[in-house]
Structure formats: structure tokens, C-alpha cells
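Hello,

Please find the structure below. My notes follow it.

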There are 4 protein chains.
Amino acid sequence: MLSFENDYSNSACPQILQRMQETQQEQVPGYGNDDYCQHAATAIAKACDDPEVEVSFISGGTQTNQIVLDSITPQYAGVVCAQSGHINTHEAGAIEATGHKVLAIKSQDGKIAAQDVDDFCSSFYADSNHTHMVFPGSVYISQPTEYGTLYTLEELEALAQVAHNYHMPLYIDGARMGYGLVADGNDVTLPDIARIADVFTIGGTKVGAMFGEAVVFTKHNMPTNFVTLVKQHGALLAKGWLLGLQFDTLFTDGLYEKLSRNADKQADKIRKALLAKGYDIAFISSTNQIFITVTNEQAAKLQQQVRLSFMEQVDAGHQLLRICTSWATTDDQVNELIAIL
Amino acid sequence: MLSFENDYSNSACPQILQRMQETQQEQVPGYGNDDYCQHAATAIAKACDDPEVEVSFISGGTQTNQIVLDSITPQYAGVVCAQSGHINTHEAGAIEATGHKVLAIKSQDGKIAAQDVDDFCSSFYADSNHTHMVFPGSVYISQPTEYGTLYTLEELEALAQVAHNYHMPLYIDGARMGYGLVADGNDVTLPDIARIADVFTIGGTKVGAMFGEAVVFTKHNMPTNFVTLVKQHGALLAKGWLLGLQFDTLFTDGLYEKLSRNADKQADKIRKALLAKGYDIAFISSTNQIFITVTNEQAAKLQQQVRLSFMEQVDAGHQLLRICTSWATTDDQVNELIAIL
Amino acid sequence: MLSFENDYSNSACPQILQRMQETQQEQVPGYGNDDYCQHAATAIAKACDDPEVEVSFISGGTQTNQIVLDSITPQYAGVVCAQSGHINTHEAGAIEATGHKVLAIKSQDGKIAAQDVDDFCSSFYADSNHTHMVFPGSVYISQPTEYGTLYTLEELEALAQVAHNYHMPLYIDGARMGYGLVADGNDVTLPDIARIADVFTIGGTKVGAMFGEAVVFTKHNMPTNFVTLVKQHGALLAKGWLLGLQFDTLFTDGLYEKLSRNADKQADKIRKALLAKGYDIAFISSTNQIFITVTNEQAAKLQQQVRLSFMEQVDAGHQLLRICTSWATTDDQVNELIAIL
Amino acid sequence: MLSFENDYSNSACPQILQRMQETQQEQVPGYGNDDYCQHAATAIAKACDDPEVEVSFISGGTQTNQIVLDSITPQYAGVVCAQSGHINTHEAGAIEATGHKVLAIKSQDGKIAAQDVDDFCSSFYADSNHTHMVFPGSVYISQPTEYGTLYTLEELEALAQVAHNYHMPLYIDGARMGYGLVADGNDVTLPDIARIADVFTIGGTKVGAMFGEAVVFTKHNMPTNFVTLVKQHGALLAKGWLLGLQFDTLFTDGLYEKLSRNADKQADKIRKALLAKGYDIAFISSTNQIFITVTNEQAAKLQQQVRLSFMEQVDAGHQLLRICTSWATTDDQVNELIAIL
């Protein structure tokens, strides 16, 4: 059945599968101590326009969030995050499992405002009881957000400023980073991200790779013995070069952006069709995720013909559904979907 | 300076200090394997009208909440709790430090409604993504609540019913249990608590003891090797008999209730005076905590003459303050306070 | 350079790479809810001759050990394990990171004896202080062991008996399971393992797969909400079907055994050459790992021509080295190695 | 029955009980923010001859070890400790419960040698696989040890040197510190300890107090937000001033040393009697713990008349028993014991 359920339904882009074939006879050192990882790290540093970033590769997204946040958040502190943030909603308590409270604050369209973080922190420190409370110790945001929206450059800079005022590193979860970078209207480049964030990820799983997230520490922020921390959290891949090989491929000849552009372009076509047909689109976004509010009846009818993600029951009669394109989405699939809508 | 800041400002009631003196020459076995603990447990079981409850003693309240909730909440689950619940606000993330997310739900006057717990859980299980979320695994409430309010018998029974429908144990934090049991209008007895809760505490620290909480497991709910779990959490007191001695004293000749009654009676006098003077009392309560909303100027003036707890800045011009009586509050202190108000 | 450093140097066997190519256009549901995982689980159950085993797939070995042991070991307990066990030596404290002490007991050639486990446990329970100690809560062994040796059927049955006598599940880490199953002299079949163990793994990473371990729970031992526990530990792969696809391939037409047989056969050739040349082989083994004790000079000379694993400095003048074959080892490589030896 | 079972059988020395009586009417601020704690800290700093030490008070010993070691040991590291160390044997895995492996090394008479720590660490860092292993991150010793023995000044200085060479803080568990300081032949003063250790404790529970350990951080080593860390671990006592009051009493007019001296003096009398009667004393010690190896028959006979601690079954026919004096041991008790021996 036709599916626009998510952006991790296809295994990997042909270029990656081909390189896996080509290297099948090679014997490569384990645990990321190999040339592919080295090349990939260099390519990413170049894309970030910062030769001093430190790059590591981890298989999965929840794992990455867990390890990075557990490493950069002080023991006595929690992680400031949007109410709708992935770590607060759909990671099965992976952050709390490492001992840190997620300090969820109100969000708008998936984003938190610098002012709200400032208010939260200043009222925390103003509280005479604050040593009995969970200190705000780091800030987690996603770019694009869980709702496909994007922080502007100005918003990111303001957030980083507030975070640093309160001695908190800013972590940007870029599981869908590519789809943001190439989106219409986006004004944030990868070098901007590298300049602003203290650590961020560049997602592979959802953007052409079989699996893998690149973790990029800036400003010499990589925690001491990070490899050991990754191992201790159970996440050091034996054949780590497979991660390097994939990211080396993605960051050669602009492939990462090309793949991303396809998803956004297909989403744009769908958005236009939705608007033309009078659908109620829930968030203003130009990335690969589209959210529509439909009646229960419409939802039931749609789901018979195409797999979409159910997000939530908005009220008794209405649902929020997600249409998600990816690097692999074809014109045929989009045309078929539009015919159904 | 006069203080109504909290109910743990005085060391212990005279009866307890006297017994500590009397037993100074005794050599008593360690770690709670002693006759005092045994006697105290029996006395508590009698007060609960249930000979089968299993009683343990732990020094502090946060510690008790941490150990009990970590022991009864499944590894994949979190603790359902009022937004204003102590474990969610003022225990420095002690619950998350053991790996469990606090699932804070909306509360009214410190209480959560059975219906809200039901809605939360039913919507959790209805979510097709719920295996990627934190399961509701136990329910935490406090009686009296952090705002001095009380659950009615009907409310407690409804909560237990909902909790059990979703296979969650109901834990009642009774750090101020005594002040609730003897409060005007309270319709919940200790046997009711023992019948309804799966585990609850009877607070000593705030009700006459130097330190100590009695943990009461009902329905044979005590976790396997609970003593080892207490030790593993760092909380097994070497001279455990000091806990038994104190609770044996408190549960002899109705002392626990007598001490509690004093606090509530003194609070009633203060409440009457506050009403007569036109103060804005924030929650309807008949226990030992009184919350008043005052202007910043009033607050500043009051705090010069008497130590009160600042709770929060309600708005730019107003604060919420707490007046707290205890088993040790004297008529003189109350009269002095009333003169100041 | 020629390498016999380990058995995870090559990406994956051709059959797996081919199926990844073939399925590149497919859209498959995420997180293991797919037909490939279902097929693979059925194939494994068949190979185990037990239709009731419950099979799950996890990317890495340390991760698998961490999640399984944390799930099956009681909170107040630790994991009984050989002094030389992988979880005790080379997993960066991943078990302790989840709160469980590794209870290392003496081992011989990588194996623990049932009698030693029995002695350890009986002396634990005989100790009047044992509630202040870490309970033995589960038993971890590896088959083959870290030294390439194998438990006999009788040894495994005795271990399981002792474990069960003390209410401990027996967990068998089968990261190299295939190399044991087809080894000369081995008398333990996969159905034996499934009958004896409470949970065990069948390693893919070291036996032909790109990555992945099959976790097999027997006797209905799978922990409640195991998927959520995997997610909480950060290990639920988005494209979980990649694990299923690989194990489905490995368990079709006896591929897993064929691949394993190559490694053992090549190791046998090397062992014969070593004996002929008078090398000192450290453990008696017929699996894919060979350990030799050589002088420092010999070691230095060898390492210039072939990559081997340094294990430990035996004494001032001698080292223990490991020669490791794999499913991918070729005749040419072995001949080249033998010429060097 | 006569008991020499341990040194925490009596509640508290008369001076402490008296001050608890005297202050019963006082209202004192909670959580250690009080004058008693301040006075006690100043008195301890003076006794340490170092005005810059930072002193905190915690109720129990296991708790203290757990919080301090979890705070000073890096996340990727474990705690180097004697095989016989309390944290390795009798604290129910409290250290591992916070995620840190206890790295037990061989010990002699309860002590670890600087050379052995050096060997352990140098071989760790020499191992090419060490990033997959648990880093040595801190050193735990006890003074006196679990066997009543004492490190000499030279031994302590050597240990600190080695620890610091490997960037590890040295933590000294002084649960019985007093009994060591005043012991015959001891050449280590409290100022020595404060100069050498990075953090250490001065035990109250076993030396005259009802409960409580003073935690002394030297060289400005107190972790950031230590109070919050204590609270997060569940250990912040509401009536923290009770700890301050007790330590203020113990460190006034040399009471701590007087109390300690009684225990050691009584132990000396017992040791002389044991030697005269030909008993086999197991460790050479001048502190309050005496270990004797006796036949099973002797042990059974002794235990009928006096409570002693059973330590271990040395062989089929012999047991190791402990005779323990304390600050509260009287001449009559000792005479009675000697008559029994």
C-alpha cells in the first residue's frame, strides 16, 4: 500500500548500498578507528566550515540523545526541552533512565522561545528553595522540530545566548537536519548551526542512510573519554566504519542536500494540492512533514488508501494526521497520493 | 525570631527525648532487627486495624519516596503524580535519579482527580505509539497534600479503583498524615488508608519525631528483599532501633494524634484571625498549613517580624506565603503571630 | 595488511548485501513490526526446535547484554559471571551503569563450573549478613567463551540446574554461537541451548551480518514490555527490518552454519600449522579463536606482517596473542598467514 | 546478654543526649542551614588545622560513600578499592547502583598498597583496549580498615601520590576515624588526613553520635551544588541541625578523642587477655576491633555467653570472630568478657 507514514521506510540510497557492495572484501578496523570515519568527519567539518569540530557517529537517534545529554548535563541537573520535544514524548523515558529530569516548558509549533527559557531559569534561581529542585542544566531543541517547523537564525542565536547566560550547553537534535537546511525560507546554514550550538547531530537514518547519526561537538566540547561513554551506554558499533562510510558518501558531492531537496520538493507539491483542495494544514512548514486536521470520517477514508501517521485526537470529531515525504519519495507516489486526497 | 516557617523546626517531643535518655545504656541490635521496631510495627498494624500490614522505617521523606517508588514502579514505567506533587517539585529529581519519569498531571488544590488519571491512562493506551512512551506504572499522592488539603474517602477510593484498573499500585505519602487524620471535616481514618493504599507512609519527622517515616505495605505488597533495596539506596540506618523507639512512642497512648491535634487546633485559631482581618486565604484546608496571598509590601512587613515560607510570586504585586504550625506550636507563639497579622 | 585481528572486520556476507539491494525500493514499517522480523523469528524458532521461543533483534552485543541482564536481574541483585567474562572486562562497565554489580567468580579457560556457582551462592545465603550484600540474581556465560572454548552439554545442564536452584535465570551470550555449534567435538545443539537457557543470543555481527544479535527468550521469559525497555535503553532501531532481513537470510538454507564452518575450518588449518611449527597454543579450542604465547620478539616480528590481537603481557618476556578467523577468511589469507608463522 | 558485637549498639553519649534535651524548645532552620552545623564545621576545620576545608553532614555511612563517590568519580570510571573494602562487600551494591563499577584490587590486612594501585593503573593505560574498559576514576580506602588495621603516614602519602599521578581523588572512609587517631602506634593525625586526602569522613555513628558522618572536602574539592546532589540521592536530613549539634558536641573539649580512647583502651585490655590465654589474633591492630580465629566449638561456646560478630568460616573447623569495643564499653563489661574468654 502507498505509504507516507514516515521518512525511515526505505533502507538506504543507492550510492550507500553501492559503496557497501564495493567494500565487501575489505577488512576494516573496528569501533570507528578507521579511515572512513576519519574522511566523513573531515567532510562534515568542511561542511560546517569549522575544522575544529569533533565528530562521532552513533547508530540511532534516541541513543544519541541519551548519550549526549547524559554526558553534557551536570549530575544535579535536568534538560530544558519543549513540551512537544521528542525526548519528552516518544523516547520511552530514555533521558530519565540516565537520571536526568526532562524540564518541559511550553512550546509553540514545536519551538521554545528564548524568553521562555530565560523566564524559566530566572524564576528557578530566584526561588529560595532552588537547591531542592532540578537545576536547568542543558537545553534540547530539534531543528526541524517534531512538527516540521524551523527556528530562524535569530531565534537560534537568542536561545544560545540565554542558554549560555545560565551556563547551559545548547544541543540541537538534527535527526531531520537536511530537510531543514534546504527548505524554502530557511535562513540557517550548517556553519550557523556549528557556530551557535555546543553540540548537534546530523541525521542519517531519516536522510538517506541505513542508520546513523553524526554527533558534532563544537568549541572543543567533546566530553572526556566520549568513546568510553558511548561504549558504557551500549552504543559503540563493532563495525563502526559502516557509519563512516555512509556519512562519507552523504557528504560527498552534496548528496545529503540533494536527497533532502527531493523530500522537501515532494512535500511542497503535496502542500499545494492540500491547499487547493481546502485541507486544514496545522503548522506552517516547508520541510518534509505536513500535518493536517481532518474529520474522523476523512481520516478513516484516507487510511484505507494510504498509510499516514496518526498524531492525536484533536477533539471528538477531528484528528491530526501526518504526511511525511523522504529522500526516496517518487513523483509517482506523490501523484498517487494527490489523486487520493 | 518567631517562626511559622515549617513543621520540622523542633527536634522531638519530650516523650521521645525521654525514652532516648532512658535507653542510653542499652545495647540494641542494628539495622532494625530489634524489639523496638517490632513493637512499633505491631502498634502501627493495630492502628491500621490490619495485622497483616508490613512495616519498615526509613529516616527521611525524600529517601522514602525514592526507595518505595523505585521498588514498586516497573522498570519501563513512570510515576503518575500531581503537577504540584512533592516528588515533582522539591525533591531535586530524586525519582528520575532512579530512572523513572514523573508523569505530572494537572491538579486542583494539590489533588489529582480519579477521572484525570483515568483519562491520562486511557489516552496513553489508546495511542498507537505508546510502547515508545513512558507507561504509567504507579500513582503517587500525598495526604494531606502540599497545600494542606485533604482527599475525601470517596476521592481516595475512586483513585485506587482507577489505579488498580490500570495495574498501578497507589502510594500515599503521609509525611503529614497525622495532621490530616485529626483535621476537622476529615472523613478518612488510618484503617481506611490501609485498606485503600498499596503502600503508604506515616510521617514522623513533621509530627513529633526527630526523624523517621514509617513505610506501611498492605496486601502483602512489600517488595522482595526490601531491606536490601533500602541498603542499596544508602538508607539503612545503623541504629535502626532509634526509628522503632520513636514510632513506638508515637503510637503509644494516642500520642501521634495528640501531637497532630495541637497543630491543627493552633492553625484553626490562626485561620479565624486571618479571616477576621480580611486576609485572602488560598486553599480551603483544616490541617496545619495555611496559605495566604498578600501584597509584596505586606509580605515584606510580615517577614520582618515572623519567619514564614515564601511559596511563589503570584503576580508582579502579590506573593503566596505559607503559615505552618506543628505539634510544638504554643499558645504564646500563636497569640504573638495573631498580634502581628 | 593481512589481518587476523578479529571476526568483525568485513561488512556482511554477499547474500545479505544482495537482499539489501533487492529490497531497496520497498517501504517497510519501522521498529521491528515487519514481516522480515517475523520470518526471521519463525526461522530461528524452527532452528531451536521450539515454536514458543520469543525472538527480538538488537543491533549490538554490549547493548544486548546490558538490556537483557538489566531486564532479568532483580533490582537488589547482581550478575554471576566468569572473571574473564566480556561483561566484566571489556564492556566499559555497561552492566554496572544499569545499577547491577557483576559478581565475578573464578574461571578456568573462560568457563565457570556449576560447583563454583553453587559454592558462591550457598556461601552467600549462609552469610548472616547477606541482606547487606549483592544477591546473585542471574548467571551470565558465553558460548563459545572469550577464549574460544566450549561448554559441554553436561556442563551447561549442570550450570542451569544450579542457577535454577537459586532462582537465577541463565543467560548465554552467543555472540559467536555459530562458531561453537559447528566446531569439532561440540556436543551442544541449538535446540539444547534453547532447552537449557532462559535467554540467549545468536550473534550476527561476528557471523556474517553487518550488525545484529538475535535475542531468544525461552520458557515465556520475555520481560513485560520488552520493546519499551529496548527503547528506553536507546536501542530500538528505526529500520528494525534490517535486522530481520539479515537473520532471515542467515537462517535460510543453513547459511549461518555454512558461514560458521568456514571460520572453524580455516582456524583448524592454522592450528595444525602452529602445532607443526612448535607454537605454544594457550587454550584447547576448536572454534575460530586461537591464542598463542610468544616471546616479545616473536610478537613484534609477527605484528609487522599480520594484524593480530594483543591480549595480555603474560610475563616480562612473553605475550598472549589472538589469531581470529571469520566467515570471510579465505584460503589465500590462511596460506599467507601460515607462510609467515 | 553481654555484647561486643559492634560499635553502634548504644544510642549516643550523654553529652549529645543532654544537648538534644537543652535545645528541645528551639526552632532551628532546616536542611543544615543553621548555626550548629556552622559551628561544627568550624570546629572540624580547626581540628584539621585547615580553615579552607568544606564540611557537610550526612546521616549514614553507606549513604555517604555512595554520594561522595558518585560525585567525585567521572561518569566513565570506577572506584579502586580493596577486595575487602566495605563498598565492595557489605553495602548491597550501593556504588554500582549509581553506575560505577568497584574495581577491587588485592589487599593485605584490609589495606591496599600504593604499588598495587600503580600497577593496576599502569597496566590499565598500557592496555590497547582500555577505552573499552572501566577507567580507574577514584580511590577508596578506609582508616581504620574493616580489619581494624591502620595505614601509616608513609603509606597514605604514597597512595595519594599514586592516585594523583593518575588524576584520581583519594577518598578516606573514616567511619571509625577516632579509633584510629588515638590508637597506640598510629602516626597519622587529622591534619595529616586533611592534607593528604581529597575528601574524607569523620564518623559519628560509631563514635558517640546517634547517627551522622562529617564529610570533609579539602583543596576546594566540594562538587558544585553538593547540597542538591545530597538531596537528589535522598539524603538531605530535614532537621540537619541535629547532625551539626552532635558534631559540635563531639568536637568541643576533645570529646571525640576521649570517647575514642575509651574504646581502644578497652580493646587493649581484651587483647592482652586474649594473648595471655593463647588465642590466635588475626590482624595486628591497636584499634577497637579484634579478630580471633577459634574452633567451631569455641565459637559456639563463646556465642552462648556474649554476642560477637561472625566474620567468616576460615576452614571446615575454624571461624573468624570479631570482638568490638566502643566509646560506651565499660570496665565491667570488659571484665565480664575476659572472665568468659
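Ser142(A) stands opposite Asp173(A), which lies in strand 6 of chain A. This is a predicted model. The pairing behind that position is between strand 5 (residues 135-142) and strand 6 (residues 170-173) of chain A, which run in the parallel sense over four bridges. Helix 5 (residues 114-126) of chain A packs on the sheet and touches strand 3 (77-82), strand 4 and strand 5 of chain A. The direction of helix 5 makes about 170 degrees with that of strand 5 of chain A.

The sheet in chain A is open, with seven strands in the order 2-8-7-6-5-3-4 and mixed pairing. Strand 2 (54-58) and strand 4 (102-105) of chain A are at the edges with a single partner strand each, so one side of each has no neighbour in the sheet. On average, neighbouring strands of this sheet are turned by 25 degrees against each other, direction ignored.

On the interface: chain A and chain C bury about 3,900 Å² between them, with 51% of it on carbon and sulfur atoms. Gln24(A), Gln27(A) and Lys239(A) supply 18% of the area that chain A buries against chain C, more than any other three residues. The contact involves 47 residues from chain A and 47 residues from chain C. There are zero salt bridges between chain A and chain C, but 26 residue pairs are in polar contact.

Helix 1 (14-22), helix 3 (61-72), helix 9 (226-232) and helix 10 (241-250) of chain A each supply at least two residues to the side that touches chain C. Helix 1 of chain A gives the most, with five residues. By class, that side of chain A has 21 nonpolar, 21 polar and five charged residues.

Regards

Notes. Residues are numbered from 1 along each chain as its sequence is written. Chains are lettered from A and ligands numbered from 1 in the order in which they are written. This is a predicted model: local features need pLDDT of at least 70, side-chain atom pairs count only at pLDDT 80 or more; totals for chains, interfaces and linings use all residues. Side-chain values use heavy atoms; hydrogens and water are left out. Contact means heavy atoms within 4.5 Å. Buried area is the accessible area (1.4 Å probe) that two parts lose on being put together, summed over both. A salt bridge is a side-chain nitrogen of Lys or Arg within 4 Å of a carboxyl oxygen of Asp or Glu. A polar contact is a pair of N or O atoms within 3.5 Å; within protein, one must be able to donate a hydrogen and the other to accept it, and residues adjacent in sequence count only if both atoms are side-chain atoms. Ala, Val, Leu, Ile, Met, Phe, Trp, Tyr, Cys and Pro count as nonpolar, Asp, Glu, Lys and Arg as charged, and the others, Gly among them, as polar. Two strands pair if DSSP finds at least two bridges between them. Axes are lines fitted to C-alpha atoms, for helices over the stretch in contact, and angles run from 0 to 180 degrees between N-to-C directions.
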